[in-house]
Amino acid sequence: MDYRKIITVDPKVRNGQPCIRGMPITVAEVLEHLASGNSMEDVLRKHSELNRDDVKACLAFAAHDG
């Protein structure tokens, strides 16, 4: 998966933090949910505008840049 097609950085959105498809949902938020023990399904229920590929892109981003 090429997370660069999903993860965006725009200084006008969330102060330039990596976000998902330009939305004000940060990669860090998604990763925090997962690290807290929430499942992918939990994240998708909380953020209905996201899809599975968005969550996978966050994980790929963290693996690559972390």
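**Note on this structure**

1. R14 sits in the loop that joins β1 (7–8) to β2 (19–20). Helices and strands are DSSP runs (helices: H or I, at least four residues; strands: E, at least two), numbered from the N terminus. R14 is not a glycine, yet its phi is positive, about 50°. R14 counts as partly exposed because its relative accessibility is 35%; the classes used here are buried (under 20% relative accessible area), exposed (over 50%) and partly exposed (in between), with a 1.4 Å probe and protein chains only.

2. On the basis of the note: this is a predicted model, in which local features need pLDDT of at least 70 and side-chain atom pairs count only at pLDDT 80 or more, while totals for chains, interfaces and linings use all residues. Residues are numbered from 1 along each chain as its sequence is written, and side-chain values use heavy atoms, with hydrogens and water left out.

3. R21 also has a positive phi of about 50° without being a glycine. Its place is the loop between β2 and α1 (27–35). With 40% relative accessibility, R21 is classed as partly exposed. As background, most residues other than glycine have a negative phi.

4. The overall layout can be stated briefly. The protein chain contains 3 helices and 2 strands, and their order from the N terminus is β-β-α-α-α. The C-alpha trace spans about 30 × 20 × 20 Å along its principal axes. The radius of gyration of the chain is 11 Å, which agrees with the value near 11 Å for a compact globule of 66 residues. That radius is taken over C-alpha atoms, and the globule rule is 2.2 Å times the number of residues to the power 0.38.

5. Of the 66 residues, 32% count as buried. The accessible surface comes to about 4200 Å², and carbon and sulfur atoms hold 50% of this. These areas come from the Shrake-Rupley method with a 1.4 Å probe; for residues, only the protein chains shown count as cover. Among contacts (heavy atoms within 4.5 Å) with a separation of 6 or more, 40% join residues 24 or more positions apart.

6. On charge, the chain has 9 positive and 10 negative side chains, and the centres of the two sets are 3 Å apart. Lys and Arg count as positive and Asp and Glu as negative, leaving out His and the chain ends. Each charge is placed at NZ of Lys, CZ of Arg, CG of Asp or CD of Glu.

7. Which residues have the most contacts inside the largest nonpolar core? They are I7, I20, V30, L50 and C58, in a core of 15 residues. The elements giving two or more residues to this core are α1, α2 (40–46) and α3, and α3 gives the most, with 4 residues. A nonpolar core here is a set of buried Ala, Val, Leu, Ile, Met, Phe, Trp, Tyr and Cys residues joined through side-chain atoms within 4.5 Å. In soluble globular proteins, nonpolar side chains tend to be buried together.

8. Leaving out residues up to four places away in sequence, C58 touches I7, I20, V27, V30 and L31. V27 belongs to helix α1 and is buried, at 4% relative accessibility. V27 and C58 are 31 residues apart along the chain, but their C-alpha atoms are separated by 5.5 Å. With the residues up to four places away again left out, V27 also touches I7, P18, C19 and F61.

9. H33 is another residue of helix α1. H33 is classed as buried because its relative accessible area is 17%. Apart from neighbours within four places in sequence, H33 is in contact with N38, V43, K46 and H47.

10. Is D54 buried or exposed? D54, in helix α3 (residues 52–65), counts as buried, with 1% relative accessibility.

11. Leaving aside neighbours within four places in sequence, D53 is in contact with M1 and I6. D53 and G16 are 37 residues apart in sequence, and from C-alpha to C-alpha they are 21 Å apart in space.
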